[in-house]
Amino acid sequence: MTALDERGPVVVVGAGPCGSVLSIYLARAGHDVVLYESRPDLRRGDLPAGRSINLALATHGIIPLVDIGVIEQVDSITVPMKGRMIHTTGSAELTLQPYGNLPHEVIHSISRVDLNAILLDAAEATGRVRIEFEHRLDNVDFEQSVLSFTTPDGHRELPFGVVFGTDGAGSEVRKAMLGVNGGAQRIEPVGHDYKELTLPSGPAGEFILEPKALHIWPRGEFMLIALANPGGDFTVTLFAPAEGPDGFGELDSPERVRSFFQREFPDFASATPDLETQFFDNPTGHLATLRTRGWSHGHQAVVLGDAAHAIVPFHGQGMNLAMESARILARHLADSSHDIAAAFTSFEAERKPHAEAIADMTLANYVEMRADVLDPEYLLKRALALELERRHPDRLSPRYNMVMFSSMPYSEAQHRASAQAGILVALTHDITSLAQVDYERAAALVGELQPLPDLDPLARPDALSVT
Ligand SMILES: Cc1cc2nc3c(=O)[nH]c(=O)nc-3n(C[C@H](O)[C@H](O)[C@H](O)COP(=O)(O)OP(=O)(O)OC[C@H]3O[C@@H](n4cnc5c(N)ncnc54)[C@H](O)[C@@H]3O)c2cc1C
């Protein structure tokens with residue numbers, strides 16, 4: 001028995017991507033784990049509509065999936081996206097803005113439910129993880145080491161030795177812990193909401209848009225995006241201000257919804273006959289960044305994933321970050337297996353700066369997606385960043401690519417991106433095309449950057465299919 005098991009059951013609360021991956025790591029380290037989940041087993045039922053049906057998977061999330069041995073199953077349910085397909089107003093013409101220079105620099109659309117099902121199966125297959133569904137945690141009593149749950153059979157009080165809170169942005173573990181550990185949380189609303197809709201497949205079940213791209217209808221203050229599902233349909237999300245012009249507040253009748261979508265996103269509206277029904281049946285989600293400090297309480301509890309660092313979805317990184325956090329916590333536990341409290345503290349010290357960095361880069365990426373992708377100055381800088389990467393692949397990579405296609409820690413990507421932004425501004429001042437760039441000066445400026453770090457060996461470019 002190791003120090004983690006010594007004080008009582010090892011409990012994980014929340015069987016989303018973070019909790020499932022963490023349970024596998026704990027089981028692999030030789031621990032018996034009980035994983036409690038408030039919902040019924042998603043492998044046996046349908047998820048309600050409008051709950052982010054598909055997600056973008058990228059390198060930070062691929063690494064733990066390779067590490068825990070599920071990448072081949074994951075590969076069978078992903079659709080690669082090579083770039084942003086831009087739908088401009090008043091034109092049927094679409095423009096593809098490729099993400100990267102190399103064939104593997106694509107992001108992968110994946111069904112949240114199917115991925116979660118693979119992870120639950122893998123957790124059970126360890127033989128050390130018991131999953132208790134329909135157990136909603138209501139409270140943690142740290143003095144008595146007891147967890148209180150609501151279940152279909154009533155209230156249950158269960159002992160724990162260590163509890164890992166992977167119960168998402170509204171975490172009960174976090175709430176209980178912040179009441180005793182002197183930590184704090186700040187919720188920063190974006191003021192924008194979102195609504196998920198479905199663009200149906202064509203009459204023969206075919207995709208009616210290019211599936212291997214992330215579709216964006218950028219409209220300045222708001223945008224629509226679409227990601228393909230393997231079955232031929234697309235999950236489509238409207239992001240818009242909660243109130244004000246073109247905000248959710250104005251979309252209060254079927255007529256207004258139809259006319260807004262027909263004006264702004266006519267290709268989507270025409271292909272979605274039940275748009276109004278979907279719009280009013282599906283929930284409206286709110287967007288906020290959660291910043292917390294005090295992720296643990298002695299040796300008894302730690303929070304990770306959205307429970308510690310929920311971010312808005314505009315860089316497609318929340319789940320990637322959450323699964324990576326599970327891997328990093330497992331490393332801290334392995335490194336100091338006889339001092340659990342120290343492992344938790346060092347985990348937060350390492351991880352919090354990266355969570356903050358990706359939270360900030362994600363907010364910046366919202367502006368990039370909904371507005372900048374139409375701005376000639378932005379497009380020139382982006383084209384130049386890709387060109388400089390081609391010329392100096394060991395020194396420079398565009399910010400988006402460092403975040404999505406490398407294992408570089410997020411705060412390093414943020415730091416490098418800021419240095420690179422200065423170079424791009426200097427080189428594009430007063431010019432309008434790549435042909436006018438002074439590449440000698442560019443080489444001198446790029447030469448001052450530190451070499452890019454090596455990829456994590458598990459970040460295999462061939463881990464997922466790209467065609
Ligand atoms: C619209 C949208 C789009 C997104 N797109 C992307 C994307 O493209 N790429 C990406 O990487 N991320 C994306 N994200 C973020 C991603 O969904 C989250 O970061 C990720 O799900 C976090 O995983 P988690 O396991 O920490 O938490 P969750 O996925 O929230 O899982 C928490 C689990 O805990 C359970 N639970 C909650 N409370 C309790 C309780 N009291 N007792 C027991 N169980 C409980 C829940 O039922 C759930 O199963 C998106 C988010 C949204 C909202």
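Analyst: Glu-134 sits in the loop that joins E8 to E9, where strands (E, at least two residues) and helices (H or I, at least four) are DSSP runs numbered from the N terminus. The model is a predicted one, in which local features need pLDDT of at least 70 and side-chain atom pairs count only at pLDDT 80 or more, whereas totals for chains, interfaces and linings use all residues. Residues are numbered from 1 along each chain as its sequence is written.

Although Glu-134 is not a glycine, its phi is positive, at about 50°. Glu-134 counts as partly exposed because it has 15 C-beta neighbours inside 10 Å; a residue is buried with 20 or more other C-beta atoms (placed from the backbone) within 10 Å of its own, exposed with 12 or fewer, and partly exposed in between. Asp-246 likewise has a positive phi without being a glycine, in its case about 55°, and it belongs to the loop between strand E16 (234-241) and helix H6 (254-264). Asp-246 is also partly exposed, with 16 other C-beta atoms within 10 Å.

The ligand is surrounded by 32 residues, of which the closest are Gly-14, Gly-16, Gly-168, Gly-305 and Gly-318; a residue is near when its C-beta atom, placed from the backbone, lies within 6 Å. Strand E9 (136-141) is among the elements that give two or more residues to this shell, together with helix H1 (17-28), strand E3 (54-57) and H10. By class, the shell is made of 12 nonpolar, 14 polar and six charged residues, with Ala, Val, Leu, Ile, Met, Phe, Trp, Tyr, Cys and Pro taken as nonpolar, Asp, Glu, Lys and Arg as charged, and the others, Gly among them, as polar.

The element that gives the most to the shell around the ligand is H10, with four residues. Helix H10 (residues 318-335) is mostly covered, since 14 of its 18 residues are buried. The end C-alpha atoms of H10 are 26 Å apart, which agrees with the 26 Å that its 18 residues should span at 1.5 Å a residue, the expected span being 1.5 Å times one less than the number of residues.

At the level of domains, whose bounds come from an automatic or database assignment, the chain is divided into domain 1 (10-78 + 111-187 + 288-366), domain 2 (190-286) and domain 3 (375-447). The ligand shell receives residues from both domain 1 and domain 2, so the ligand lies between them. The C-alpha centres of domain 1 and domain 2 are 30 Å apart.
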